[in-house]
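Here is a short note to read beside the model. Keep the view open as you go through the points.

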Amino acid sequence: MTTGCNLSFAGPYDGVMKRRFRRLVKEHQGQLFSLAYHLLGNSAEAEDVAQDVLVKLWQHLAGLEAERVKPWLLRVTRNACLDLLRRRRYSQAYVAETVGGEPLAVTETPLDRLSSSDLGQRLAQAIRELDEPFRSLVVLRDVEELNYQEIGQTLDLSDSQVKVYLHRARRKLRKRLGSELDD
Amino acid sequence: MTDKQLPTWFDERIEAWLDDELSGSEAALFEARLATDPLLEREVERATRLGAQLQDLPALQAPSSLSRNVMEITGNTFALPKLAFPTWGWSLGGACAAALALMVTLGPGVLPGGEPELQPTAQELAKARADLALALGYVDQAGDMAARQLGGQAGALTVRGLLEPARRLNSDGADTI
């Protein structure tokens, strides 16, 4: 028999979690996509990674405290990108070994096209050539504009390590670009 | 032509100086050298230009298909998000929560000692039913997990069977109480 109380089974829980999830997707999707895009240099792959990460967020939402969500998302996104880059390197090496010849180099990415100047394009390439964690540090700080604490939580580094590594990363970029940075 | 080398100590501190992160004595030493060394001055200019270029790199917007796809996948795949630690602890915790909610809802009928002195208000009853629904959600999911861990449906059926009266109460509550 029906009553005035219209609660469906698990309705309140489901509704609260769905609202929370929708809000988090709206809040973080841009940053996740942008981070993946800058690390991978490929729009379709970046969207796939961001999608997988957000689905994982839904699966783990009940166990994540609000203040841990952002660093968790960024860390999972970065790890997924690094995995993808590793697989890409292995498959390129495999192709080169079995078919012969040099592995195909990624010569241009959407980031290059977005950078209007020659220097911007060279900078994008130089960032891609940085080793980890320097590449992630530059993207998280200079592109995504995270603070030191957020970067530290994402990369599992102390604040002072973040500062030191970030300076080292920028120095590497300065050395790599050299006279191209002169007016 | 060979490029004159900048001493490493200064070269390594250019970015820190630009970020204002050198100590007082280090900053003074750096600035004294900067005033007299054109090589250091050139590197500082390069680092400044690099900083400006880095800030010009675009942070990108997600394509609209991203959230649409995510909502579609999560909406179709999961009824409830996975709990943080899917063990029997959740079953026990959920069962306790359900029992507590039941006692609040049915207190006069199930507790010894006869009629209670105070009757719950309609709001309290609605709240108790919401708590019960939440607890049942946990218990149901824990039952499913336990059944999967046991490799069959028997566990889930048992848990579901045990909870059926409570679930009926949740949907027919006002008439039964």
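Which residues does B:Leu18 touch, not counting residues up to four places away in sequence?

1. B:Leu18 touches B:Ala47, B:Thr48 and B:Gly51. Touching means that C-beta atoms, placed from the backbone, lie within 7 Å. This is a predicted model: local features need pLDDT of at least 70, side-chain atom pairs count only at pLDDT 80 or more, and totals for chains, interfaces and linings use all residues. Residues are numbered from 1 along each chain as its sequence is written, while chains are lettered from A and ligands numbered from 1 in the order in which they are written.

2. B:Leu18 sits in helix α2 of chain B. Helices are DSSP runs (H or I, at least four residues), numbered from the N terminus. B:Leu18 counts as partly exposed because it has 16 C-beta neighbours inside 10 Å. The cut-offs: buried is 20 or more other C-beta atoms within 10 Å, exposed is 12 or fewer, and partly exposed is in between. The C-alpha atoms of B:Leu18 and B:Val44 are separated by 8.1 Å. These two are 26 residues apart along the chain.

3. Now take α4(B). Its buried residues are B:Leu40, B:Glu43, B:Arg46, B:Ala47, B:Leu50 and B:Gln53. The face turned away from the buried side carries the exposed residues B:Pro38, B:Ala52 and B:Gln55.

4. The buried residues of α4(B) pack against helices of both chains: α5 (118–129) and α8 (159–177) of chain A, with α1 (8–11), α2 (14–18) and α3 (24–34) of chain B.

How values were computed: Helices (H or I, at least four residues) and strands (E, at least two) are DSSP runs, numbered from the N terminus. Two residues are in contact if their C-beta atoms, placed from the backbone, lie within 7 Å.
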